[in-house]
Amino acid sequence: MDTTAPFQAPRRERLARTLLVTVIVKCLVLYGLWSTCFSHPQTRHMLLPAAEVERHLFAAPAAPDSSNKK
Amino acid sequence: MPPLDDVVALSRLQFAATALYHFLFVPLTLGLAWILVIMESVYVMTGRQIYKDMTQFWGKLFGINFAMGVTTGITMEFQFGTNWAYYSHYVGDIFGAPLAIEGLMAFFLESTMVGLFFLGWNRLSKGKHLFVTFCVALGSSLSALWILIANGWMNNPVGAEFNFDTMRMELVSIADVIFNPVAQVKFVHTAAAGYVTASMFVMGISALYLLKARDVQFALRSFAIAAAFGLASTLSVIVLGDESGYTAGEVNKVKLAAIEAAWETEAAPAGLTLFGFPDDERQVTAYAVRIPYVLGLIATRSTDGQVTGIKELKRENEARIRKGMTAYAALLRLKGGDKSPQARAAFDALKGDLGYGLLLKKYTPNVTDATEAQIAQAAADTIPKVAPLFWSFRGMVFLGFLFLFIFGASMYYLLRRRLAPQRWLLKLCVLAIPLPWVSIELGWIVAEYGRQPWTIAGVLPTHLSVSSLSAGSLWFSLAGFLGFYTLLLVVEMGLMIKYAKLGPASLHTGRYHGETALPHADDHAAAA
């Protein structure tokens with residue numbers, strides 16, 4: 001408790017407006033990222049043709065992964 | 001730092017970065033919602049204005065975090081289809097239900113109720129508003145539950161079977177997926193960690209007010225509620241962490257052995273390595289400080305259960321890789337058109353090891369003809385690097401016990417009504433505000449890095465889960481995500497600091513620090 005502080009009515013905060021603007025900007029940025037990088041996913045509805053998975057598993061070797069090398 | 005053109009490593013880095021950033025927002029939402037329920041319950045029961053003010057002020061900080069955090073998880077779903085196509089295909093039949101329910105929980109229950117929480121103060125009765133606050137807390141916890149059910153399934157893929165026609169895992173029992181012991185333990189452990197985070201957040205900011213001798217009654221009451229909730233939550237985290245160790249001992253043996261740097265299978269009950277320097281190359285732990293029996297008791301709940309060591313697990317996995325090669329050959333035969341009962345039976349007998357055979361795809365296109373050297377390489381891959389897991393786990397546990405000390409000491413001095421003179425403790429509370437986040441991120445590193453080399457444990461190797469993308473596109477989207485999340489974090493920190501500094505005066509009630517020159521204004525608020 002501060003009993004020495006002078007009377008000072010804080011100005012009305014505009015938190016709701018700030019948050020609303022942030023959420024709108026966030027959605028726009030997310031939409032931009034999605035449309036630039038993620039709008040053409042290899043899978044639709046988490047499903048690939050079985051033949052494509054077969055090709056992936058049976059034919060070509062997988063991409064080299066150096067991240068778990070001992 | 002991954003090689004610049006390694007698609008697998010870049011995809012992992014992108015997912016890890018977005019998940020870790022996303023989880024900066026989640027725990028505070030999870031925990032603060034329940035603290036608001038407690039504060040508002042006291043308001044409804046006592047009718048005292050100060051508890052309504054507390055609910056509204058901490059609710060404001062909750063609102064900032066919620067607004068910044070909402071939709072940040074959707075970026076991971078973006079990545080499923082684009083970066084992780086084969087993983088996405090494999091899990092699609094299992095994850096459909098949990099992710100859809102999570103979406104309904106998050107957007108229709110949680111978000112709607114958050115709106116009512118802020119707009120309903122003058123429109124709803126006290127009881128109805130409390131019910132809304134309760135629904136916010138319940139909605140956020142249930143939302144986390146469904147995500148963690150999906151995550152738990154990746155660690156322990158129960159209730160599903162591989163279908164060679166569709167080339168994916170298909171749901172057999174939704175009950176087994178929901179009541180998966182790994183998922184249940186993970187949920188309660190994660191939720192309780194969120195409660196600890198929020199408690200430390202409220203305590204730390206309240207301690208700051210107490211150190212500055214401002215809004216004392218408001219801060220003391222907030223501090224007391226957070227300390228009690230935090231103490232109970234920390235004890236829950238520790239107990240549930242122990243339960244998590246037991247579950248890992250049963251279904252994630254490799255992860256447990258790596259966390260504990262258990263290189264050899266010891267006579268039961270195994271000792272716990274409290275401290276040491278694990279060396280992945282030499283497979284020894286230098287300067288190990290050990291406590292006899294403890295690991296065996298935690299991991300097996302018995303004095304005669306063994307904790308299998310890394311070297312033995314590697315040998316077991318090598319045997320499974322050999323069976324996986326046969327399973328792979330049987331699958332090729334089925335896909336080649338031989339659907340005879342014998343061919344099906346041959347595959348069914350070994351399909352549980354197919355994933356181990358697929359580990360060889362990293363080294364040879366012809367799994368069935370893999371050399372001994374390639375099999376040995378694949379077997380070595382089944383063990384994640386020990387040192388990062390060993391240290392992350394110990395960092396998390398150390399912080400957990402530090403929180404227990406802080407909450408315990410706070411409760412002790414609160415009950416003795418001697419909190420205010422303990423400036424060292426109040427300063428420690430302020431300094432500890434970010435530590436629960438550090439602890440939680442370490443926990444996620446243990447959970448996810450410890451699952452390597454799998455995206456779905458024992459079923460789908462990470463290197464076969466990624467899409468056919470260029471490294472350039474991954475770098476571009478990674479930079480976009482990092483910029484996006486960093487911006488959000490900066491805005492969140494700016495708003496949080498601003499409103500924490502303003503304190504309850506931001507409610508404009510005229511009762512708090514900086515709003516009035518009336519002496520003992522805060523005490524009037526307390527009496528109201």
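Here are some friendly notes on the predicted model shown above.

1. **Reading the labels.** Residues are numbered from 1 along each chain as its sequence is written, and chains are lettered from A and ligands numbered from 1 in the order in which they are written. As this is a predicted model, local features need pLDDT of at least 70 and side-chain atom pairs count only at pLDDT 80 or more, while totals for chains, interfaces and linings use all residues.

2. **Confidence.** The predictor's confidence in each residue is pLDDT, from 0 to 100. Chain B has a mean of 90, with 97% of its residues at 70 or more. Within chain B, helix α16 (residues 423-431) scores highest, at a mean of 96, and helix α19 (residues 521-527) lowest, at 50. Helices (H or I, at least four residues) and strands (E, at least two) are DSSP runs, numbered from the N terminus. Over residues 517-521 of chain B, pLDDT stays under 50. For the complex, the predictor gives an ipTM of 0.81 and a pTM of 0.89.

3. **The core.** Which residues have the most contacts inside the largest nonpolar core? They are B:I35 and B:W58, in a core of 158 residues. Such a core is a set of buried Ala, Val, Leu, Ile, Met, Phe, Trp, Tyr and Cys residues joined through C-beta atoms within 7 Å. Buried means that 20 or more other C-beta atoms lie within 10 Å of a residue's own; exposed means 12 or fewer, and partly exposed is in between, with C-beta atoms placed from the backbone. Leaving aside neighbours within four places in sequence, B:I35 is in contact (C-beta atoms, placed from the backbone, within 7 Å) with residues including B:W58, B:A198 and B:F229.

4. Helix α2 (residues 49-69) of chain B reaches 30 Å from its first C-alpha to its last, close to the 30 Å expected; the expected span is 1.5 Å times one less than the number of residues. Of its 21 residues, 19 are buried. Helix α15 (residues 386-415) of chain B reaches 43 Å, close to an expected 44 Å. Its buried residues include B:F390, B:F403 and B:S410, and what covers them includes α7, α8 and β3 of chain B.

5. Strands β1 (residues 160-163) and β2 (residues 168-171) of chain B run antiparallel, joined by four bridges; pairing takes at least two bridges found by DSSP. Opposite B:F162 stands B:M169.

Note on methods: Contact = placed C-beta atoms within 7 Å.
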